[in-house]
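Have a look at the structure below before reading on.

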Amino acid sequence: MKKKVIIIGGGMAGLSAGCYLRMNGYETEIFEMHNVPGGVCTSWRKGDYMVDLCVHWLVGSGKANSFYNRWNELIDMGNIRFVDHEEYARVEDENGNFIRLFTNANRLEEELLEKAPEDEVEIRRFTNAIRRLSTLDFPSEKAEELANLWDRMKMAWNILPYMGLFGRYMRLSNKDYAQRFKNPLLRKAVTNLFEPDMTVIFSMMTLAWMHNKTAGYPIGGSMRFALKVASRYRRLGGKIHFDSRVEKILTENGKATGIQLADGNRHLADYVISAADGYSTVYKMLDGRYNNPELQKAFENRPTFPSLVFVALGIGRAFEGEPHSLLFPLCTPLMVDPETTIKDLYLRIHHFDPTLAPEGKTLLSVMIETYNYPFWQKLHEEAPDQYRAEKQRIADSVVHALEHRLGDISAHLEMVDVATPATFIHYTNNWKGSFEGWLATPETGMQQIPRKLDGLENFYLCGQWVAVGGGLPTVLLSGRDVAQLICHEDGQPFVVTPPVEEGKHEKSKIIH
Ligand SMILES: Cc1cc2nc3c(=O)[nH]c(=O)nc-3n(C[C@H](O)[C@H](O)[C@H](O)COP(=O)(O)OP(=O)(O)OC[C@H]3O[C@@H](n4cnc5c(N)ncnc54)[C@H](O)[C@@H]3O)c2cc1C
C-alpha cells in the first residue's frame, strides 16, 4: 500500500512537493491556513483591478535555462505567454538624469558607457561578467543529498569555467560593488539591482538570465501562475484543505506521525513535510525540540529579506512611454515607520499585463521595504484605527509622489490597497513578515540549509526557509528534492510525469 504524506503549506513549495509525490503514487494531503493556494505567489481582486504582488520574473521561462524543463514537469509552459522586458529597471536622480538598465547586456553596456564614460573599465567588466554568466546553467535532476561522486564531479566541471567570476564577485554585496563606480547615478543603480546587501553575483546572474530571455513575466500574474500548479496537483489526485492552520506536528519515538490543526483535529501520516514558515515550524509546531545546527544558526543571525508596505493603485488612464519598473527620488523623504525612512520610491507600472486592469486603465504598485514588522504588528493588534490611518497616510504620500513624477494621478485614482508587514504575517505566517526568506549575502553564500531536523525521522522541510535566496524556481526544486528523498528512503525510483494534453497518455520518466 502506498504511503501517506502530509504537507503543511500550499505555497509553491508545498504544491511542488505534492505534485511530485503524486507522480510517484503517494497519497498526499496539503493543509493550508489560507483559503487559496500559492502562498506569497499571489494576486487579489480589488474593484476592477487585479493586484499582483509577486512575480517580477520567472527563471526558466525560456528554454535556454534548465529550470524550463523543471517547470514543464509540472505545467505546460508552452501555454503561458511570457513578456521579456527590454529594461530591467530605470533609475533616476533628482536632476532628471536616468539610466536604463537594459536586459540585453550589449545595450546595457552602450547605455552605461554613454551615461557614465568615466567608469568605462568597470562597466566593461560588469557587462562581460553578465555575458559570461549567461552560459551558466545548473541542470539539477537530483537532490544534493543523493548526489554521488560522479554527480559532484559533473557539477564541479560545469561550474569550473565560472569559478573566477564567483571568486571575484561572490564576496561583494550590491552596495559594496557599487562603490567601484565613480558616477553617482550608476552607483545608485548598482546598489539597487536587488537588495543592497545581497551578493552581486546573484544580480549578475539575474541579468544574465534576462539577457538570455529566460526570466520573463508570465501574463496573468502570480495567482494565475500558482493556480496552474495547484490545478496540476489536483489533476494528479492530490487533496488540499484550506482554512486549515496546523498548530502542532505530532511525533512519537523520534518520528513525525501527523499533525494537529488549530481546531484540534488530528491527521496521521507516514511522512510530514513542512513547506510553511520555517521559524514557526521549528519553534511552534515542534516546540523547539528538533533543529539542525545550520538552521539554528540562521535563526540566530542570518539576515532575511525585509517585509513590505505594499501600495497598489488602480489608475483610470494609460502610461504610454513610461518604463515598467522605476526607481525615482522623492521630493522629501518619507517616514514609513519609526525605524524606516525612504528617499526613493520603487514603482511598477503593470501596463505590460492587460489582464490586471480594464482596457485603458493601469495597475501601479509600490514596494516599500521595512524590517520594523513589530511596529506594524502591534499597531494592527492594539490600535486598529491608528493602523488604518497610517496605511492611509502612506497611500496619500505615494499618490502625492506619483503625482509629482507622472502627473494626472489623483484625478484618475480608482483603487487604493495597502498591505503591511502585519498583512504578510496574517496571510502567510512568514517570520518577521519577510517576503522571500533568507537573503543570500557575501557572508552567508547561497548554500542550501539541510532539510532534515536532527533526531526527527519521517520529516522534511522545503521552501524558502531552507532554499536560501528564495524565489519560485528554487522552491519548486526544493519541493521536488524532498519528494525525491522520500522515494529514496522507501527504496523506490523517482518518477517524473509531465502534463499532457487531454486525451493523450502521460509518459513517465525514471530519474534514478
Ligand atoms: C513581493 C514579492 C516579489 C517576489 N518576486 C519574485 C520574482 O519575481 N521571482 C521569483 O522567482 N520569486 C519572487 N518572489 C519570491 C517567491 O514568491 C517566494 O520565494 C516563493 O513563492 C515562496 O514559496 P514557499 O512555498 O516557500 O513559501 P510561501 O509562499 O510563504 O508558502 C508557505 C505557505 O504555508 C502556509 N502556512 C504557513 N503556516 C502555516 C500553518 N501553520 N498551517 C498551514 N499553512 C501554513 C502559508 O499560508 C503559505 O501559503 C517574490 C515574493 C514576493 C513576496
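The model is predicted, so local features need pLDDT of at least 70 and side-chain atom pairs count only at pLDDT 80 or more, while totals for chains, interfaces and linings use all residues. Residues are numbered from 1 along each chain as its sequence is written, and side-chain values use heavy atoms, leaving out hydrogens and water.

**Domains**

The protein chain splits into domain 1 (4–38 + 222–303 + 441–493), domain 2 (96–212) and domain 3 (307–432); such bounds come from an automatic or database domain assignment. Between domain 1 and domain 3, the C-alpha centres are 31 Å apart. Ten residues from domain 1 and eight residues from domain 3 make the contact (heavy atoms within 4.5 Å).

Together, domain 1 and domain 3 bury about 860 Å², with 56% of it on carbon and sulfur atoms. Buried area here is the accessible area (1.4 Å probe) that two parts lose on being put together, summed over both. Zero salt bridges are counted between domain 1 and domain 3 (a side-chain nitrogen of Lys or Arg within 4 Å of a carboxyl oxygen of Asp or Glu).

**Cysteines**

How many disulfides does a search of the whole structure find? The search finds zero, a disulfide being a pair of cysteine sulfur atoms within 2.5 Å. Two cysteines show why:

| Cysteine | Closest cysteine sulfur | Distance |
|---|---|---|
| Cys462 | Cys19 | 12 Å, too far for a bond |
| Cys487 | Cys19 | 14 Å, too far for a bond |
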